[in-house]
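Please look over the sequence and the structure shown below.

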Amino acid sequence: MQEIYVSTDVETDGPVAGRHSMLSIGSAAYAADKTLLATFSANLEALPELSTDASTAAWWATQPDAWAACRSGLEHPRDAMMRYLAWLKALPGRPVLVGYPAAFDFSFVYWYLTRFAGENPFGYSAIDIKTYAMAMLRQPYRACGKQSMPAEWFDPVAHSHVALDDALEQGRLFCNMLRVNLASTT
C-alpha cells in the first residue's frame, strides 16, 4: 500500500498538547508525485479545562486575520477528530504525517486523535521537513531553516498562519524536496 504524505499544520493557544488547546487543524494529503489527493480542515472549540499560554496569546494579537480564521465555524473536538479519523481512513494509502516542525504538530494531532477519536492512524509515522532538509543539505539541523533551503524547493505561496493554507504550502515544499532527493538516487 502506498504512503500518503499528510502535510499537517495546527494552530494552538500554547506550546504543550494536553495543557493547551488545538484551535485549528489543516491537512493536505499528497501522493509522492505531488498530486493533491484531499484536504481537511477544522476549527476546534478550546477545551475549558486547559489554559491559554500568555506569550502565545500575545502572538495571536499580532495576527488578527489568522485569529479570525481559526475562531470561525467552531466544532467540538470530538466531532472534528472523528471527522478527521474518517478522512484519514478514506485516503488511498497509509498516512504519514509531514510537519514543520513535526514534533509540535504531531504532538497535538496524536493527543487529540487518541483522546477524542480513540485511535491514531499515523501510529508514530511522522516526517519533519527541517530534518529531511538537514539530511539532503548535509548540514547541522539548526543551519537548515527555510532561509537556508534552495529557492527551487519552494512554490510561490504565502505563509498565512491559517492551518490549511500552511499545510498546503509545506506539503508542496516536502514534495518538491522528495522529487529532488529521489532524482539524485537514480
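In which helix do tyrosine 84 and tryptophan 87 both lie, and how many residues apart are they? Both belong to helix α3, three residues apart, which is about one turn of the helix. Helices here are DSSP runs of H or I with at least four residues, strands are runs of E with at least two, and both are numbered from the N terminus.

The model is a predicted one, in which local features need pLDDT of at least 70 and side-chain atom pairs count only at pLDDT 80 or more, while totals for chains, interfaces and linings use all residues. Residues are numbered from 1 along each chain as its sequence is written, and side-chain values use heavy atoms, with hydrogens and water left out.

A pair of aromatic rings is described by the distance of the centres and the angle of the planes. Rings of Phe, Tyr and Trp (its six-membered ring) pair if their centres lie within 6.5 Å; planes under 30 degrees apart count as stacked, over 60 as edge-to-face and the rest as tilted. By this rule there are 13 aromatic pairs. The pair of tyrosine 84 and tryptophan 87 is stacked, because the ring centres are 5.8 Å apart and the planes stand at 10°. Tyrosine 84 is buried at 0% relative accessibility, and tryptophan 87 is also buried, at 13%; buried means under 20% relative accessible area, exposed over 50%, and partly exposed in between (1.4 Å probe, protein chains only).

A second pair is formed by tyrosine 132 and phenylalanine 174, whose ring centres are 5.5 Å apart with planes at 40°, so this pair is tilted. Since tyrosine 132 lies in helix α5 and phenylalanine 174 in helix α6, the pair ties together parts that are 42 residues apart in sequence. Both tyrosine 132 and phenylalanine 174 are buried. Ring pairs also join Tyr5 with Tyr132 and Phe174 in a cluster.

Attention now turns to the nonpolar cores. A nonpolar core is a set of buried Ala, Val, Leu, Ile, Met, Phe, Trp, Tyr and Cys residues joined through side-chain atoms within 4.5 Å. The largest one has 28 residues, and those with the most contacts inside it are Val6, Ile25, Met81, Tyr84, Tyr112, Leu113 and Phe122. At least two residues of this core come from each of β1 (3-12), β2 (22-30), β3 (36-44), α3 (77-90) and α4 (102-117). Helix α4 gives the largest share, seven residues. Apart from this core lies another, of 19 residues, including Val98, Ile129, Met136 and Met149.

Contact means heavy atoms within 4.5 Å. Not counting residues up to four places away in sequence, leucine 113 touches, among others, Met81, Tyr84, Leu88 and Phe122. Threonine 8 is placed in strand β1 and is buried, with a relative accessible area of 0%. Its side chain reaches the backbone oxygen of valine 6 at 3.0 Å. Beyond neighbours within four places in sequence, the contacts of threonine 8 include Ile25, Tyr84, Val98, Asp105 and Gln170.

The strands come next. Two strands pair if DSSP finds at least two bridges between them. Strands β2 and β3 pair in the antiparallel sense over seven bridges, and serine 24 stands opposite asparagine 43 in β3. The hairpin of β2 and β3 has five residues between the strands, and there lysine 34 takes a positive phi near 80°. Strand β3 also runs parallel to β4 (residues 74-75), with two bridges joining them; here leucine 44 is opposite glutamate 75 in β4.

Side chains of opposite charge can pair when their charged atoms come close. A salt bridge is a side-chain nitrogen of Lys or Arg within 4 Å of a carboxyl oxygen of Asp or Glu, and the whole structure has five. In one of them, glutamate 49 meets arginine 115 at 2.9 Å, N to O. Glutamate 49 lies in the loop between β3 and α1 (54-60) and arginine 115 in helix α4, so the pair ties together parts that are 66 residues apart in sequence. Glutamate 49 is partly exposed at 47%, as is arginine 115 at 39%.

Another salt bridge joins glutamate 119 and lysine 89, with the closest N and O atoms 2.9 Å apart. Because glutamate 119 lies in the loop between α4 and β6 (126-128) and lysine 89 in helix α3, this pair ties together parts that are 30 residues apart in sequence.

Terms used: Polar contact = N/O pair within 3.5 Å; in protein donor to acceptor, adjacent residues only side chain to side chain.
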